[in-house]
Amino acid sequence: MDRVKFRTQILNRHLHRPSLSSPSSSIEPSICLQYSPPELAETSQFDTRSMRELMDNHNFADRDWLYGLMIQNKLFCSKERGGKLFVSPDYNQSMEQQREMTMKRIGYLLDCGVFEGWLTGKGVESELRKFSFLEVIGMFDHSLAIKIGVHFFLWGGAVQFFGTKRHHEKWLKDTENYKVKGCFAMTELGHGSNVRGIETITTYDSNTGEFVINTPCESAQKYWIGGAANHATHTIVFSQLNIDGKNQGVHAFIAQIRDSDGNVCPNIRISDCGHKIGLNGVDNGRIWFDNVRIPRENLLNSVADVSLDGKYLSAITDPDQRFAAFLAPLTSGRVTIAAAAIYSSKISLAIAIRYSLTRRAFSVSPNGPEVLLLDYPSHQRRLLPLLAKTYAMSFAENYLKMLYVKRTPELIKTIHVVSSAFKATLTWHNMRTLQECREACGGQGLKTENRVGHLKSEYDVQSTFEGDNNVLMQQVSKALLAEYVAAKKRNKPFNGLGLDHMNKSCPVIPSKPTSSTLRSVEFQTNIFCLRERDLLNRFAAEVSQHQGQGESKEHALIVSYQLAEDLGRAFSDRAILQTILEAETTLSAGPLKNILGLLRSMYTLITLEEDAAFLRYGYLSTDTAAAVRKEVAKLCSELRPHALALVSSFGIPDAFLSPIAFNWVDANSWSSVQD
Amino acid sequence: MAPVSSTSTETDQVLVEEKSFARMFTLNRPKQLNALSFQMISRLRDLFFACEQECSIKLIILKAKGRAFCAGGDVAAVVRDISQGNWRLGANYFGKEFSLNYLMATYSKPQVSILNGIVMGGGAGASIHGRFRVATENSVFAMPETALGLFPDVGASYFLSRLPGFFGEYLGLTGSRLDGAEMLACGLATHFVPSERLSSLEEALLKVDSSDPAVISATINEFSQVPNLKEKSVYRWLDIIDRCFSRRTCEEIILALEREALINSDDWISSTIQSLKKASPTSLKISLRSIREGRLQGVGQCLVREYRMVCHILRGEVSKDFSEGCRAILLDKDKNPKWEPSKLELISDNMVDRYFSKVDDEDWEDLKLPARPNLPAHAISKL
């Protein structure tokens, strides 16, 4: 009843504004309609510059340079809204226009020297710079990053890793300066994740010393090939290699598909994949090969070769191992995808949180001021746990990146498992974050210029390309099972993949943990390790039970999918926790360390709350689960004062956010319409 | 009509005229080309603060006596302090100056600066942040700090980085001079008024009973003209400037210029290379980094960062180029500074990083900017 009266009063005030009719009083908008920058009300308790450096981890000045290159050039469509400048592609352009703009932007970045050393550079330093540049480019536009990623990481990476000296000398420099434009034809209509099943077939003609590539059936057409529809001049072709009637498995070849004028080569047919839900700045195409002849030297022969007279030569006789050795270097794609996912989450959270610190809705008392969105505990609960997760996963990505750039042959398995787990977890997290941020921005989230809504369609593809997330997670649990079996069989301790906690005795979880216990490193580590350990035991038991009933191992793994999924998540969550913990440990006591502690607790406790496995298998009692829930709410209110500083620490330039992150009243004013 | 303030005497370094709607401040240290003394900065700060409170005041006019608007900060005094081992006095000077710059950048009433002469360094800081900058045929703009072993401060990392393309990097690194027409073309000036019309402009401005930028701009427009760029104007080289000064590092910028010199024999390119090679290598590196960070920051953050940088320079931990530059250019005038480190290649990223870190001294604090009631959009940045 009171509520009704209250609303009536408000409506009444809106309808009869006394100030408007009285000429003596000045006409000023009421307080709720005035934009007040969040910086005026929120103070930062820690040094955001140091936090940015902790998060970005490397090449800060290089990143700033590249941000500046984009802001200063009109190709990046900067426009002013509400007194501030924003860059963004014009997503209202046609697919064809967007593709041409993507190519023009690449040309500009090339002229500025951004790509120098991307393939010819050596060492960790140049590799990290390359990663940082790709991350920054992706923050402007996912299409631009993907188009560049395909050319350098897939085409260029294949030449680099699958090829040998003759390929490096011939192609790398020309790729780096875009004399050739490369694409990467692996996926087919009928085969995606199961690369070994592809149907494209290549034979060798010893009379001419050439390979002959064929698309034998419609399901063998190459599909989703980025760059193929319009621009690429060359492609890596993945194909079965048939020598003297014997199939030697999947190999990679270089084939030219267009001449330098852009005309499609003879015996090649190309068709467009058409308009997509996102990434329309990338020209995905389909390719058919009709007896395409390529020189023998175009086989990328790091693992296997064919002699002039047509003999198949390989140091690795086992085709399984050959295939694994072959694909190992492609993990760079998963490293960059996981990074792009995190930066996309950062953009959306920075926008949604800044908006929630300036947008008000409803008052709690009659005539009282309306309340800031982020001052509602429910709104905090929607955004702040995602913020904490983004922080934790940002450290996870940094760890993965360093693991990758410092790779050694012994680390290949670890890199494969960690990159699979993190790629899946971080990209799923990103989609969830984008959706929540979109909704948290209300109607404004629907405008393309505000980014958060649009990013959903741009980043959706991440859960599919470079390995379907579900398939990747299955591989994670499969790899963990293999470790388990090996350790048990040889009766040796676990070693690697962070499983050494399995060697210790089973951790005991206190039955009535206090608030400070819930926030302790010990409790948090123990509960995550307990879950991983128990799930691994259960998974191994279930698989062996099925095998005991005479089922094949493959079938046993397939039917045990529920435990496999739980286990994959358990591994990933525990590995992420370790990375943020490590970051926290390296800091000396102070505000920065404290805030990371809060974020780490939030990350852990929200995971405990969200993953049903903790209750399902009884790692948490219902009482403890209730205590966790309370603690999450408490952590929300403790993180609330840091919200602005935490998103400022992402180090995203204003121009890469959107109008609702700043003065959205001015940005939408009538005078801005008339400009 | 309005009385001239009774406090204004010959010895005052800032003259104040109180008109009905405006306050007119005149920099009055013509022999020193109106170089900003500590006293002038404090006075201007007090005056600006006071005028903001006074409802009847609608606009501020800032001009200067003599042939210079303002040739910069009073660097000679600062160097004296350093040589006496007193870097804190210098830091105090810069802190005060940067606060004034911030006040002007976030000022609620329009400031019209009449730039009828030299506008360099601190002079640019006292004018470019304001709403209107009127250039004349006598204007000479430059940020010459890299030749002194300093870097473009007074918020220059904010305003230089927002010039078209990479013109800001060019001006900040080379210290190249602009005339009034060029200042207008690149946006450092908002209007160009021939000096003979300045007194009429002043008269008209004093009659404006409004703080509305559109009204004031329209008033200045009545006296403005669009001057032609001179035939040899640097602004005609914008393409080459963008190509070269967009490069990632100072070394690459010089390399790019040298490549351009091979295909284009104009004197401009060689003199640009010359000025880069004459400048302090440390100054070049920190200036480039500063402008690029500044491009992504609000004006307040730029000033806070520049204050850190200037404190490191005053302490002379990494390089003592500032003292050396002042010795060679201002004191001994031999124009032959011995920079240390002497080459760009000798300066590591870590050395550059140090200028951007907090000063390692217990009593030192980051610059505290005055609280401002209504931050304009450009002052807000979250990086």
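Trp224(A) sits in strand S6 (residues 222-226) of chain A. Helices here are DSSP runs of H or I with at least four residues, strands are runs of E with at least two, and both are numbered from the N terminus. The model is predicted: local features need pLDDT of at least 70, side-chain atom pairs count only at pLDDT 80 or more, and totals for chains, interfaces and linings use all residues. Residues are numbered from 1 along each chain as its sequence is written, chains are lettered from A and ligands numbered from 1 in the order in which they are written, and side-chain values use heavy atoms, with hydrogens and water left out.

Now the backbone. Most residues other than glycine have a negative phi, and most peptide bonds are trans. Trp224(A) has a positive phi, near 65°. Its relative accessibility is 46%, so Trp224(A) counts as partly exposed. Leu497(A) is not a glycine either, yet its phi is about 55°. Leu497(A) belongs to the loop between helix H15 (469-490) and helix H16 (515-518) of chain A. With a relative accessible area of 8%, Leu497(A) is buried.

Pro341(B) is in the loop between helix H15 (321-331) and helix H16 (349-355) of chain B.

Next come the annotations. UniProt positions are given in the numbering used here, feature names are shortened, and annotations may be inferred rather than shown by experiment. An unreviewed UniProt entry places "domain: Acyl-CoA oxidase/dehydrogenase middle" at residues 183-292 of chain A. That span is 0% helix and 46% strand, and its end C-alpha atoms lie 17 Å apart. For chain B, an unreviewed UniProt entry gives "domain: Enoyl-CoA hydratase/isomerase" at residues 23-356. This span is 50% helix and 10% strand, with 38 Å between its end C-alpha atoms.

The annotation "active site", from an unreviewed UniProt entry, covers Glu466(A). Glu466(A) lies in the loop between helix H14 (452-459) and H15 of chain A. Its relative accessible area is 26%, so Glu466(A) is partly exposed. Leaving out residues up to four places away in sequence, Glu466(A) touches Leu154(A), Leu330(A), Gly333(A), Arg334(A), Ile337(A), Lys423(A) and Leu472(A). Contact means heavy atoms within 4.5 Å.

A cavity is a set of points, on a 1 Å grid over the protein atoms alone, where a 1.4 Å probe fits but cannot get out; lining residues have an atom within 4 Å of a point. Grid points are joined across faces, edges and corners, and a volume is the space filled by probe spheres set on the points. The whole structure has six cavities of 30 Å³ or more.

The largest cavity holds about 90 Å³. Helix H6 (95-111) and helix H8 (142-162) of chain A each give two or more residues to its lining. H8(A) supplies the largest share, three residues. Among the lining residues are Met103(A), Lys147(A), Tyr178(A), Gly226(A) and His231(A). By class, the lining has five nonpolar, five polar and two charged residues. Ala, Val, Leu, Ile, Met, Phe, Trp, Tyr, Cys and Pro count as nonpolar, Asp, Glu, Lys and Arg as charged, and the others, Gly among them, as polar.

The second largest cavity has a volume of about 50 Å³. Its lining includes Lys79(A), Phe86(A), Glu449(A), Arg451(A) and Pro659(A). Four of the lining residues are nonpolar, two polar and three charged.

Terms used. Buried < 20%, exposed > 50% of the residue type's maximum accessible area, 1.4 Å probe, protein only. 1 Å grid on protein atoms, 1.4 Å probe; cavity = no way out; pocket = protein on both sides within 12 Å on 5 of 7 lines; lining within 4 Å.
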